[in-house]
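Biologist: Hi, I'm new to this one, so could you walk me through it slowly?
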Amino acid sequence: MGLISEVLLLPLAPARGSAWAIRQVLQEAERIYYDPATVRAELGRLEEQLEAGEITEEEFDRLEDELLDRLEIASRRSAGTGNGTSQ
């Protein structure tokens with residue numbers, strides 16, 4: 001039965017392959033987005049922008065809150081799965 005289903009599903013192989021590739025790209029993007037080192041680097045750049053006068057205090061506070069939320073999520077994901085991924 002496995003061979004017959006594979007033959008019947010063969011026309012869908014490009015779509016299945018594309019879906020797999022998209023999932024892989026999304027997983028890698030999430031890994032980078034929630035990587036604590038990446039978030040900390042962004043926090044450092046944000047502080048530099050504030051000190052250079054490129055952003056206002058309000059913008060800094062808003063963006064800092066977003067980054068700290070990402071850091072918290074990364075911490076929970078890491079603690080929940082042991083490897084930092086949720087999928």
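Modeller: Let me begin with confidence, as this is a predicted model: among the elements of the chain, helix α3 (residues 36–51) has the highest mean pLDDT, at 96, whereas helix α1 (residues 2–9) has the lowest, at 77.

Biologist: And what does the chain average for pLDDT?
Modeller: The average pLDDT of the chain is 87, and 91% of the residues score at least 70.

Biologist: OK, on to the surface. Which residues form a nonpolar patch there?
Modeller: That patch is formed by Ile4, Leu8, Leu9 and Leu12, which together have about 390 Å² of accessible area. Leucine 12 is located in the loop between α1 and α2 (13–33).

Biologist: Why does leucine 12 count as partly exposed?
Modeller: Because its relative accessible area is 46%, which lies between the 20% limit for buried and the 50% limit for exposed.

Biologist: What about charge, which residues gather in a patch of negative charge?
Modeller: Those are Glu57, Glu58, Glu59, Asp61, Asp65 and Asp69, which come together on the surface. Aspartate 69 belongs to helix α4 (residues 57–81), and this aspartate 69 counts as partly exposed because its relative accessibility is 44%.

Biologist: Changing topic, where does alanine 13 lie?
Modeller: Alanine 13 is part of helix α2, and with a relative accessible area of 28% alanine 13 is partly exposed.

Biologist: And what separates the C-alpha atoms of alanine 13 and alanine 79?
Modeller: Those two C-alpha atoms are 36 Å apart in the model, while alanine 13 and alanine 79 are 66 residues apart along the chain.

Conventions:
Residues are numbered from 1 along each chain as its sequence is written. This is a predicted model: local features need pLDDT of at least 70, side-chain atom pairs count only at pLDDT 80 or more; totals for chains, interfaces and linings use all residues. Side-chain values use heavy atoms; hydrogens and water are left out. Patches are made of residues with over 30% relative accessible area and no salt bridge: like charges are joined within 9 Å, nonpolar side chains (Val, Leu, Ile, Met, Phe, Trp, Tyr) within 5 Å. Accessible areas come from the Shrake-Rupley method with a 1.4 Å probe; for residues, only the protein chains shown count as cover. A salt bridge is a side-chain nitrogen of Lys or Arg within 4 Å of a carboxyl oxygen of Asp or Glu. Lys and Arg count as positive and Asp and Glu as negative; His and the chain ends are not counted. The place of a charge is taken as NZ of Lys, CZ of Arg, CG of Asp or CD of Glu. Helices (H or I, at least four residues) and strands (E, at least two) are DSSP runs, numbered from the N terminus. Buried means under 20% relative accessible area, exposed over 50%, partly exposed in between (1.4 Å probe, protein chains only). pLDDT is the predictor's confidence in each residue, from 0 to 100.
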